[in-house]
Amino acid sequence: MKDAASPPTRPAPQDWHAETAILHGDAWLSTDGAVCPPIHYSATFKAESAQEFAEMATTARHPGFYTRYGNPVHKRVEAILAELEGTETALLTASGMGAISTTILALVARGDHVIAQRRHYMSTSRLFEEILPRFGVESTFVDQTDLDAMAAAIKPNTRLIMLETPVNPTLALTDLQAVASMAQPKGIITIADNTFASPINQKPHDLGIDIVLHSATKYFGGHHDVTAGAICCSNAHAEKIWDMHTTLGSVLSPMDAWLLLRGLRTLSLRMERINSNALALAQWLEQQPQIERVFYPGLESHPQHDLALKQMRGFGAVIAFSVKGGFDATSRFVSGLKLATHAVSLGGVETLAVHTAAMWSGTMTEAQMQTAGIEPNFVRMSVGVEHIDDLKQDLSQALPQVTN
Ligand SMILES: *Cc1c(COP(=O)(O)O)cnc(C)c1O
């Protein structure tokens, strides 16, 4: 790139609302007048001189040197994500797990202790339970709703606290501000997986959390087409994490970064519809005779509804509910859905539904499922942007299957 030796520096964060930031947060990176950004499909970038090459190679996180180190399309997405989460900077990875594993591995060393929740996204739990012990890092798992347990778990060698809220399967919440304020004076790094909320609904960094992680596969991409991840944090943390990132190599392709950029442009519109659809559907489900219980942070019946109102501005796509019946009745009901697609994942434009126990029955024993709180009659839905009446109609026609 012509201006490769002097990458544009990010202007001071704009005081934009999210709706504006997702459209204009990357404008300062425009160089060629194209309204829609080009895809820089190049693995490597030339320098104009040996001296410029030397500068490129030593400028950390240079956007135009070698794509594993960064790519101009990555920079655009990162600029928007930093605006959205209110952090100094952001880093893109090839998946949400790429973001989580790279961040954790960058920050811990042999002899460190870390605190994580008893429940996390399954592969995150596996990182703490099975992989970190192999490198001499000890983890304590606490009930995320129990702040006293969180405080009691802190040791002199606690390096970081990993949080995730809301979390599967019952959409339990963690009080982000409370945990941040107990960690900060002790110099413990706090990390939050904000995938289930999105920065439209929840901004962990504003509540004192240091590092915010995302599976960009979900709301950010928003169309069930891209797999990607993001790390939003300070420049100091980003340097450290980027070092690990260039070694582990969880690099997003320029095409996928561009698709992510394209998806992001409508994030706030999609979230508005998703939030209102999901809340309406959760309230409606609570009134259906075949439904035992509905779990959604936006419902007054959610045990942490007050905390939801305090730290969230919307409650997201994911609703969990139990039907009055066993495994087979639940299976019949989910199979009876015609509009909702039977698939994992969340946060896309179309509604998805899964029978949770059926999803795990191949990989978990019944006892493991019980420990993880996965009941045989549990259904998880990710509500999309369809018309609410069509979604209710689909559930209405499938619900009688529960009692058949
Ligand atoms: C999907 C998900 C992940 C993993 O993201 P991938 O993009 O699939 O690697 C991590 N955390 C949460 C909360 C998720 O929903």
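Predicted model: local features only at pLDDT ≥ 70, side-chain atom pairs only at ≥ 80, totals over all residues.
**Ligand site**

The ligand is surrounded by 14 residues, and the closest are Gly96, Asp193, Ser215, Thr217 and Lys218. Select Gly96 and show its backbone: an N or O atom there is 2.8 Å from an oxygen atom of the ligand. Move to Met97, where a polar backbone atom is 2.8 Å from a ligand oxygen atom. On its own the ligand has 380 Å² of accessible area, and the protein covers 92% of it.

**Helices α3 and α9**

Next, select residues 72–85, helix α3, together with residues 254–264, helix α9. Two packed helices are described by the angle between their axes and the distance between the axes. Here the axes come within 8 Å and cross at roughly 35°, and the crossing is left-handed. To see the contact, show the side chains. From α3, pick Val73, His74, Arg76, Val77, Ile80, Leu81 and Leu84; they meet Pro254, Ala257, Trp258, Leu260, Leu261 and Leu264 of α9. Coloured by class, this contact shows 11 nonpolar residues, one polar and one charged.

**Helices α10 and α15**

Now select residues 267–286, helix α10, and residues 388–398, helix α15. Their axes come within 10 Å, again with a crossing angle of roughly 35°, and this crossing is right-handed. On the α10 side the contact is made by Asn277, Ala280, Leu281, Trp284 and Leu285, and on the α15 side by Ile388, Leu391, Lys392, Leu395 and Ser396. By class, seven residues of the contact are nonpolar, two are polar and one is charged.

**Backbone details**

Most residues other than glycine have a negative phi, and most peptide bonds are trans. The remaining stops are exceptions to look at in the backbone.

Go to the loop between β4 (158–164) and α7 (176–183), which holds Pro166. The peptide bond from Thr165 to Pro166 is cis, with omega near -5°. Pro169 is found in the loop between β4 and α7 as well, and a cis peptide bond with omega of about -10° joins Asn168 to Pro169.

Finish in the loop between β5 (189–193) and β6 (211–215), where Ser198 lies. Ser198 is not a glycine, yet its phi is positive, at about 80°.

Technical notes: Residues numbered from 1 in each chain as written. Heavy atoms only, no water. Axes fitted to C-alpha atoms, helices over the stretch in contact; angles between N-to-C directions. Helix = DSSP H or I, 4+ residues; strand = E, 2+ residues; numbered from the N terminus. Left-handed = near helix turned anticlockwise from the far one by under 90°. Contact = heavy atoms within 4.5 Å. Nonpolar A, V, L, I, M, F, W, Y, C, P; charged D, E, K, R; others polar. Near = heavy atom within 4 Å. Polar contact = N/O pair within 3.5 Å; in protein donor to acceptor, adjacent residues only side chain to side chain. Areas by Shrake-Rupley, 256 points an atom, 1.4 Å probe, with all protein chains shown as cover.
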